[in-house]
Amino acid sequence: MSDLKQIQEWMVGVITHPKGAVIGAEETSINDQHWNIQSVVSPSDTLTSEQRIGIYHNGYFARLIECFKVEYRGLLNALGEKLFQHFAWNFLLEHPSTSYTLNDLGKLFPSFLESTLLENESAPESWQLFILDVAKFERTFTEVYNGEGHETLLDTKSSNQLQTSPAIVMLDLKFPVAECIGHFREDNFTSFPEPMISHYVFTRQNYMVKVYRLEDSEYQILLDWKSGVLDSCPDTFRQKWKAIGVGY
Amino acid sequence: MNSDAEVSASHFLFEMEKEKAFPYLGFGLGLRSKHFQYILNNKPEIDWFEIISENFIDSKGFPRYVIHQIAERYPVVMHGVSMSIGSTDPINFDYLKKLKVMEKEINAQWISDHLCWTGVLGKNTHDLLPLPLNEETLKHVVERIKVVSDFLERPLVLENPSSYLQFKSDTLTEWDFIREMANQSDCRLLLDLNNVYVSSFNHQFDPFEYVKALPLEKVVQFHLAGHLNKGTHIIDTHDNHVVQAVWELYQKTIQLTGPVSTLLEWDSNIPEFPELKKEVLKAKAIFENGKLPEEVLISNNTETVSNALSTTPAI
């Protein structure tokens with residue numbers, strides 16, 4: 001193993017350690033040896049070796065949690081800064097980024113929250129279920145925004161035969177999140193909403209994400225059409241679904 | 001040793017090649033999602049844009065649509081943060097393939113990234129981490145630049161990083177490392193003058209001595225940005241106006257280089273587009289008239305993170 005490889009493995013161990021850079025160095029071993037920070041990093045006239053590597057340690061957690069705050073802003077406001085940071089921090093420890101893109105960072109956050117919040121909960125509280133719905137909603141928004149749409153497919157398909165848009169995502173929630181997410185993202189809410197079974201479809205038109213509430217029966221029919229149980233779009237919904245971007 | 005005539009001829013040929021592969025673009029801005037709609041609606045007069053490659057290469061939605069629209073009107077440069085050229089992990093060819101696809105789609109002027117590493121053992125810190133500056137690292141980086149350039153079928157452009165620490169195993173200065181790297185590989189340089197200044201403060205060297213020691217004929221682009229001075233050290237935050245000392249460094253540097261494509265980065269607390277444009281026009285005024293801008297008082301009373309990059313839009 002080269003010195004460069006050893007230094008890189010050591011440095012990632014130190015700057016991503018949950019207990020700080022100093023304890024990180026004590027608990028990071030390279031070839032069964034622990035390296036003292038001062039033996040790897042030079043001090044400056046104004047900062048010790050520990051303070052200098054500490055800048056990278058602070059930056060690691062702060063930078064990635066900042067990304068979570070942007071993507072999950074409604075969740076941040078619903079949970080409050082302290083609790084949100086707690087979950088985001090623990091998520092990073094369990095799921096450090098392995099991707100070149102920050103777009104993937106929050107992908108597993110809703111399922112992480114679900115397993116964390118509902119662990120040993122036989123009867124989860126209403127606020128916990130609302131939190132999970134908000135997380136799922138915000139992640140879905142990100143994925144539809146960045147994912148495949150039908151904007152560039154319009155000219156290549158026959159207008160007689162409606163197709164489901166590749167952009168659509170259906171979400172079955174326990175709370176009316178779409179109706180209140182704006183207030184949560186703006187931190188302009190007074191209380192959590194009452195539970196209400198809410199079926200949504202996310203669509204995209206001209207690259208803008210739109211969310212529509214669907215009645216039970218319409219949601220089920222759309223599910224059947226999307227999954228291929230129905231061969232074609234039912235006439236009853238053809239006009240509406242084309243207009244809202246469910247089909248194209 | 002070559003004669004003066006030989007040196008002059010080879011310099012001329014190099015300049016011809018550089019002009020073709022790396023045209024002078026003028027004064028540009030880093031494209032950020034906050035300004036997408038403004039740019040589409042107003043088509044502002046600006047010489048060129050630089051994108052953060054990772055914010056676009058996977059998008060099949062609005063960001064990709066926007067960059068296609070912008071590339072039809074403006075020259076675009078691709079600037080990445082995830083190549084991890086100094087990492088000891090294998091090169092990520094899937095990532096490079098995506099860069100290549102986007103480069104063709106938007107006819108990118110060039111592709112750049114940083115002299116750094118971002119992670120190891122498959123873990124990505126999403127930070128631009130410093131490398132030990134010694135012969136082992138130099139050899140490693142030069143080899144990887146050649147592999148990447150061959151794959152991309154064009155010379156790679158690498159940016160000097162800002163850094164907050166130095167290693168005990170350093171045996172080269174950063175300017176010596178970069179000069180050797182540029183000489184031994186076919187890479188070109190993106191000289192970030194704010195980074196030079198940040199590192200010069202953090203590591204106590206003269207920023208202009210650093211600049212003078214570089215192979216300036218290989219510099220194809222400048223970066224300018226704001227930073228945060230914490231007293232004991234400077235953090236490269238890209239969240240404010242360019243400081244006066246960096247404008248002065250820019251003024252002295254362009255006297256050595258002549259015209260080099262210049263770009264302003266602003267990644268946090270991003271102002272409205274017209275204010276951003278005013279900031280880069282300060283660079284143009286220095287270039288055209290030698291006139292330094294009036295000093296802007298910058299507060300250092302904030303908690304910050306070095307250039308965080310996120311792409312999620314507002315719901």
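User: What should I know before I start?
Analyst: This is a predicted model, where local features need pLDDT of at least 70, side-chain atom pairs count only at pLDDT 80 or more, and totals for chains, interfaces and linings use all residues. Residues are numbered from 1 along each chain as its sequence is written, chains are lettered from A and ligands numbered from 1 in the order written, and side-chain values use heavy atoms, with hydrogens and water left out.

User: OK, chain A. How is it divided?
Analyst: Chain A has domain 1 (1–123) and domain 2 (128–247). The bounds come from an automatic or database domain assignment. The two domain centres, taken over C-alpha atoms, are 34 Å apart.

User: How many residues of domain 1 of chain A are in contact with domain 2?
Analyst: 19 residues of domain 1 of chain A touch 18 residues of domain 2 of chain A. Contact means heavy atoms within 4.5 Å.

User: And what area is buried between domain 1 and domain 2 of chain A?
Analyst: About 1700 Å², with carbon and sulfur atoms giving 58%. Buried area is the accessible area (1.4 Å probe) that two parts lose on being put together, summed over both.

User: How many salt bridges cross between those domains?
Analyst: The rule finds two. It asks for a side-chain nitrogen of Lys or Arg within 4 Å of a carboxyl oxygen of Asp or Glu. A:Arg139 and A:Glu71 meet in a salt bridge, at 2.8 Å from N to O.

User: Which elements of domain 1 of chain A touch domain 2?
Analyst: Helix 4 (49–71), helix 5 (73–79) and helix 7 (109–117) of chain A each give two or more residues. Helix 5 of chain A gives the most, with six. Helices (H or I, at least four residues) and strands (E, at least two) are DSSP runs, numbered from the N terminus.

User: Back to A:Arg139. Which other salt bridge is it in?
Analyst: A:Arg139 also pairs with A:Glu143, with the closest N and O atoms 2.9 Å apart. Both lie in helix 8 (residues 126–146) of chain A, four residues apart, about one turn of the helix.

User: Switching to the chains. How many residues of chain B are in contact with chain A?
Analyst: 60 residues of chain B contact 52 residues of chain A. The area buried between the chains is about 5100 Å², and carbon and sulfur atoms give 62% of that.

User: How many salt bridges are there between chain B and chain A?
Analyst: One. B:Asp127 bridges to A:Arg63, with the closest N and O atoms 3.3 Å apart.

User: Which element gives the most on the chain B side?
Analyst: Strand 6 of chain B, with seven residues.

User: Which strands pair between the chains?
Analyst: Strand 3 (residues 41–42) of chain A and strand 8 of chain B run antiparallel, joined by two bridges. Two strands pair if DSSP finds at least two bridges between them. A:Ser42 has B:Gln166 as its bridge partner.

User: What does strand 1 of chain B pair with?
Analyst: Strand 1 (residues 27–30) of chain B runs parallel to strand 13 (residues 261–264) of chain B, with three bridges. There, B:Gly28 is partnered by B:Leu263. Strand 1 of chain B is also joined to strand 2 (residues 48–52) of chain B by three bridges, again parallel. In that pairing, B:Leu29 has B:Phe49 as its partner.
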